[in-house]
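The notes follow the order of my look-ups.

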Amino acid sequence: MLIARFPPTLAGAEIQCYRLCCELAQQGHQVTVLTQKPVPSLPAYDRIEGFDVVRFPTWGTTFTSSCWYGLQALWYLIAHERFDILHAHMIATPAMVAKVAGRLLNTPVLVKITGARQTGDFGTSRRYALGRLKLWLFWRGNPYVVCPSEETFEEARTFGIPSDRLSYIPNGIDTRYFQTSRQPKPSLRQKVQWPIDALVAIYVGRWAEGKGVEKILDLWERGVAEPTFPWHLAMILSESPPEKIAARMERLKGRVHAAIRVVDPLPYYQASDLAILLSEGEGVSNFLLEAMACGLPTLTTGAAALPDAGGENTGTHTLQDDQAVEEGLAFLTTISRERERLSSLGLAAQKHVQENYTLDHVGQCYLTLYRSMMRPRPRK
């Protein structure tokens, strides 16, 4: 596995890579992760959950650190010619390293695309000249590509990736861990210091352009101005938001509850009533999968919803992107008076994830793909 960042750094791609490594190692496969070492205190080598993590030190700016990581990872692969598959995450330096090493070592390469639209792999790379060069090199390398959603699949196909090199494999979730709690909701609320009797919608993720945090705050600013709006908002953020966003959250103090750099969001999911994600583009959101596995219905835009979330039978209420604030406010106001419907939507969401997004199913999909990629290698 080649990935720029890896836990303890937590974001969508990193979490999915970690979960896949755990699943493959549990099934007896040998997995090595090559990643950066952004914090000096992190060990250069770790043995985690049955797989190896090799961290290379960073140097200088983001660009120079990326280049230095790439050179070290390439040298490691050349010096340890023992891998059957090189699996890179995101169209970035790990993918470029994997393609060069794959060519030199005659080893098949798989690149996972992680997001769609303006915040996705293609959208972000097209914004600058170096990114467009990277996309051209990626296309010239003719890699195997895995997409976690129908939208990312279509973007890759439109970009020119041949159909025989494209695969759709959704993100996976450990439903044995992410599940509803047996403890009563008031007890769960006390642990996270939220109002016991209020309805709470939760957002877990980072602040970035296109993630829809501004829309969520727009909705709450409109909502708290109305006396019949009972909802509180929990913002579980991977890092401190910019000053402008923090100021808006401060003005909503008492109705917005923030937590920064939370290692395990499970207690927050279990204490919530609904998950909200209004982003302008996603691959498959880890946040939504985790929340749904914990029995939370979801309120999303069409761009953010799971690719197969076709309606309330999957526990999802989808808003029009350009009407998200108005429609979201109407839905939250209505559903607050229909608690039984809110509960039934949560059960439908949980069932949908358990039937379609379990980690063992995703692991088997990857193993099948790996085996189809492998070809006899010449003997030395």
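**Notebook: strand, helices, backbone**

I began with Thr32, which has its place in strand β1. The model I am reading is predicted. I looked up the accessibility of Thr32 and got a relative accessible area of 6%; with the cut-off for buried at under 20%, Thr32 is therefore buried. Leaving aside neighbours within four places in sequence, I listed the contacts of Thr32 as Met1, Asp52, Val54, Tyr76, Arg82 and Phe83.

Next I turned to helix α2. I counted 18 residues in α2, with 26 Å from the first C-alpha to the last, close to the 26 Å expected at 1.5 Å a residue. I noted the buried residues of α2 as Ser65, Ser66, Tyr69, Gly70, Gln72, Ala73, Leu74, Tyr76 and Leu77. These buried residues pack against β1 (32-37), β3 (51-57), β4 (86-89) and α3.

I then took the pair α2 (residues 62-79) and α3 (residues 93-105): their axes come within 9 Å and cross at roughly 25°. Angles under 35 degrees count as roughly parallel, so α2 is roughly parallel to α3. I recorded the crossing of α2 and α3 as right-handed. On the α2 side the contact is made by Ser66, Tyr69, Gly70, Ala73, Leu74, Leu77 and Ile78, and on the α3 side by Thr93, Pro94, Val97, Val100, Ala101, Leu104 and Leu105.

For a second pair I looked up α1 (residues 12-26) and α14 (residues 359-373), which pack at about 80° with axes 10 Å apart. The range for roughly perpendicular is 65 to 115 degrees, so α1 and α14 fall under that label. α1 contributes Arg19, Leu20, Glu23 and Leu24 to the contact, and α14 contributes Leu359, Asp360, Gly363, Tyr366, Leu367 and Tyr370. I noted six nonpolar, one polar and three charged residues for the contact of α1 with α14.

Last, I went through the backbone. Most residues other than glycine have a negative phi, and most peptide bonds are trans. I found a cis peptide bond between Pro7 and Pro8, with omega about 25°. Pro8 is in the segment before α1.

Glu49, not a glycine, has a positive phi of about 50°. I placed Glu49 in the loop between β2 (45-48) and β3, and found Glu49 exposed at a relative accessible area of 55%. Arg261 also has a positive phi, near 55°. Arg261 lies in the loop between β10 (256-260) and α10 (266-270), and I noted Arg261 as exposed, with a relative accessible area of 55%.

Definitions and conventions:
Residues numbered from 1 in each chain as written. Predicted model: local features only at pLDDT ≥ 70, side-chain atom pairs only at ≥ 80, totals over all residues. Heavy atoms only, no water. Axes fitted to C-alpha atoms, helices over the stretch in contact; angles between N-to-C directions. Helix = DSSP H or I, 4+ residues; strand = E, 2+ residues; numbered from the N terminus. Parallel < 35°, antiparallel > 145°, perpendicular 65-115°, else oblique. Left-handed = near helix turned anticlockwise from the far one by under 90°. Contact = heavy atoms within 4.5 Å. Expected span 1.5 Å × (residues − 1). Buried < 20%, exposed > 50% of the residue type's maximum accessible area, 1.4 Å probe, protein only. Nonpolar A, V, L, I, M, F, W, Y, C, P; charged D, E, K, R; others polar.
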